[in-house]
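Hi,

Here is the structure I promised to pass on. Have a look at it first, and then read on for what turned up.

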Amino acid sequence: MRLVLAGVSLTALMTGAGLAQSYVGDVAIDPEGVRLGAQHYSPFVDQSFPNRVFWGDTHLHTSYSTDAGMVGNALGPDEAFRFARGEKVRASLGDYAQLVRPLDFLVVADHAENLGLAPMISESNPQLLANSWGRQVHDLVKAGDPLSAYVLWGESMMVNTDPLDDDDLTRTFYNRIVDTAEYYNEPGVFTALNGFEWTSVTNANNLHRVVMFRDGADKVADIVPFSNYDSSDPEDLWDWMEAYEARTGGKVMAFPHNGNLSNGLMFDDARANGEPLDAAYAERRMRWEPLYEVTQIKGDGEAHPMLSPNDEFAGYGTWDRGNFGTELKTPEMLPREYARDALARGLKYEEEIGVNPFKFGMIGSTDSHTSLATAREDNYFGKASMAEPSAIEDRISENLIQPDFLGDEITVKHYETIASGLAAAWARENTREAIWDAFKRKEVYATTGPRMTVRVFAGWDFEPEEVHRPDFAAEGYARGVPMGADLFDGPEGSAPSFMVRALRDPDGANLDRIQIVKGWVDANGEPQTKVFDAAWAGDRAPNADGILPPVGNTVSGADYTNTIGSAALGAHWVDPEFDPTHRVYYYVRVLEIPTPTWLAYDEAFYGNLELPEDAVMVHQERAYTSPIWYAPGR
């Protein structure tokens, strides 16, 4: 008999091949479920490892975000939660919208900066009207000039001065979001997580973070969300989070997003105060920011073609012209913006300072400002309400980033947005605690929208046929580690072996291939990355250069068929170039077969859209798992 603790055998723990992560809750002993010498007819009685994948959006804005509510979004947190739970909702411009299947969890992450300004104006809030600036923007909106009111607010944001400076007013409207989350939170059915977005914009460079709590109203009610008016330095946000935990006994984390708009600052070699990175900084960053939102509406942040020239699938939905409109992109900024290279640079930092500052897992979310978490190509309601489907002209031509002094060089228009993405969490139950804990231990992954099921384990002795075992996951946890974990040293002369399973979205496209992305620090101390095809659909074979032929393409306008690809793929892969003296990370990328983009669906629905020549009509959607890390001597 083998005693199992949270799916990890005692033998594995003692030999150093078991689950090892930074979160204390990773290995939990249930005294009622572990009885020495007991045998149960049901093989699942003592099973406690994560056995379900849950889907959600951790980055959704409602009318309570000023850059949503002041530009057309009329839907508040109530509609956002109802929509995520599967209800039909009327969008701000009048169309009805509904998900193909409900989500399992949602974070309403409204911007902390003047949170609730639009509803304050709508209801003529007395506290707002008592403020001279508040009265001014209120009167402009009521007079039918919301654009001028929005410009006034933008001017305050640019100079980083809070025009209201009223914590009681902010607290009142944040509590409304908390109350709505409490109402719709239904443990086991739907999880409404509390959160907000801290919107740091240093010289128009995106350093935004979504803040997500494990806690309910008993702890988060009456807080004043930390805003860019308080500080633009992420380390000050971490101070605020630390103070929250000390004061309430609660739990909180944050995740950055859109490094592609940070112009090299998201994964920079210096802190915001200009000091170099050190071990203390790295430890704090990974404590408070264990994850990175790698894909969303404003571009995908996994890889860039210039950084990964041998990766034919790099550059999905790339936004790389500049920051939020004041500075153009230069090539040297790119390595400090994209996840793949940041993860590799983190390994180098670990060698130099002893701690990896970029040891993050990966999730996706929408960053939609419509209150509607729509990540499917055929159900995309746009970045903002002004670009919902019925506003078809603005939907194609609306400028998202275009200061007059830079013009078309940095313009990003709405047709360049992507209908991305979603966060997937491996857990045993759909509760705030279980979902948050999955995020904390990084047993999560990102997709660009489809709900494909992906699971990966790394160990030292997995055999090819074990990928097909019905107890695949049980063996994976017992003899290896899942996504987000550390792999201990193996037997001398061995190389890590991986078991991967991927299952298509039941309402989506077949799968093209499973890939392993590897990053390491070479003998010269330089970070390197490489992509390996681990499994693929059909009878294709790599050519002499190791390149796998395309899976094919059945797309015709807004139609495609699943006559190519596979509904499920399994991979057993052993690193053929493993050097046990090098620090390494591995993550899985799964690609779908080619499918139409939301632009193709719009063209089919509306017709004669006169789309720009560079409009993307066909793409291959994908999933990215959190990495597994190896370091010698661990």
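Let's begin with a sheet of three strands: it is open, its order is E8-E11-E12, and the pairing is antiparallel. Please keep in mind that this is a predicted model. Strand E8 (195–198) and strand E12 (252–256) are at the edges, and each has a single partner strand, so one side of each is left without a neighbour in the sheet. Going from one strand to the next, the twist averages 25 degrees.

If you zoom in on strand E11 (residues 209–213), you'll find five bridges joining it to E12, and the two run antiparallel. To get your bearings there, look for Val211, which stands opposite Ala254 in E12.

Two helices pack on this sheet. Helix H10 (residues 234–248) touches E8, E11 and E12, and its direction makes about 160 degrees with that of E12. Helix H14 (residues 432–440) touches E11 and E12; here the angle with the direction of E12 is about 55 degrees.

Now for a pair of helices elsewhere in the sequence. In general, two packed helices are described by the angle between their axes and the distance between the axes. For helix H6 (residues 132–142) and H7, the axes come within 7 Å and cross at roughly 150 degrees. Angles over 145 degrees count as roughly antiparallel, so that is what H6 is to H7. Their crossing is left-handed.

Which residues meet between H6 and H7? From H6 there are Trp133, Gln136, Val137, Leu140 and Val141, and from H7 there are Pro146, Ser148, Ala149, Leu152, Trp153 and Ser156. Sorted by class, this contact has eight nonpolar residues, three polar ones and no charged ones.

Is Ala149 buried or exposed? Its relative accessibility is 0%, and because the cut-off for buried is under 20%, Ala149 counts as buried. Leaving aside its neighbours within four places in sequence, Ala149 is in contact with Met70, Val137, Leu140 and Val141. Val137, Leu140 and Val141 are among the H6 residues that meet H7.

Enjoy looking around!

Cheers

Key
Residues are numbered from 1 along each chain as its sequence is written. This is a predicted model: local features need pLDDT of at least 70, side-chain atom pairs count only at pLDDT 80 or more; totals for chains, interfaces and linings use all residues. Side-chain values use heavy atoms; hydrogens and water are left out. Buried means under 20% relative accessible area, exposed over 50%, partly exposed in between (1.4 Å probe, protein chains only). Contact means heavy atoms within 4.5 Å. Two strands pair if DSSP finds at least two bridges between them. Helices (H or I, at least four residues) and strands (E, at least two) are DSSP runs, numbered from the N terminus. Axes are lines fitted to C-alpha atoms, for helices over the stretch in contact, and angles run from 0 to 180 degrees between N-to-C directions. Angles under 35 degrees count as roughly parallel, over 145 as roughly antiparallel, 65 to 115 as roughly perpendicular and the rest as oblique. A crossing is left-handed if the near helix is turned anticlockwise from the far one by less than a right angle, and right-handed if clockwise. Ala, Val, Leu, Ile, Met, Phe, Trp, Tyr, Cys and Pro count as nonpolar, Asp, Glu, Lys and Arg as charged, and the others, Gly among them, as polar.
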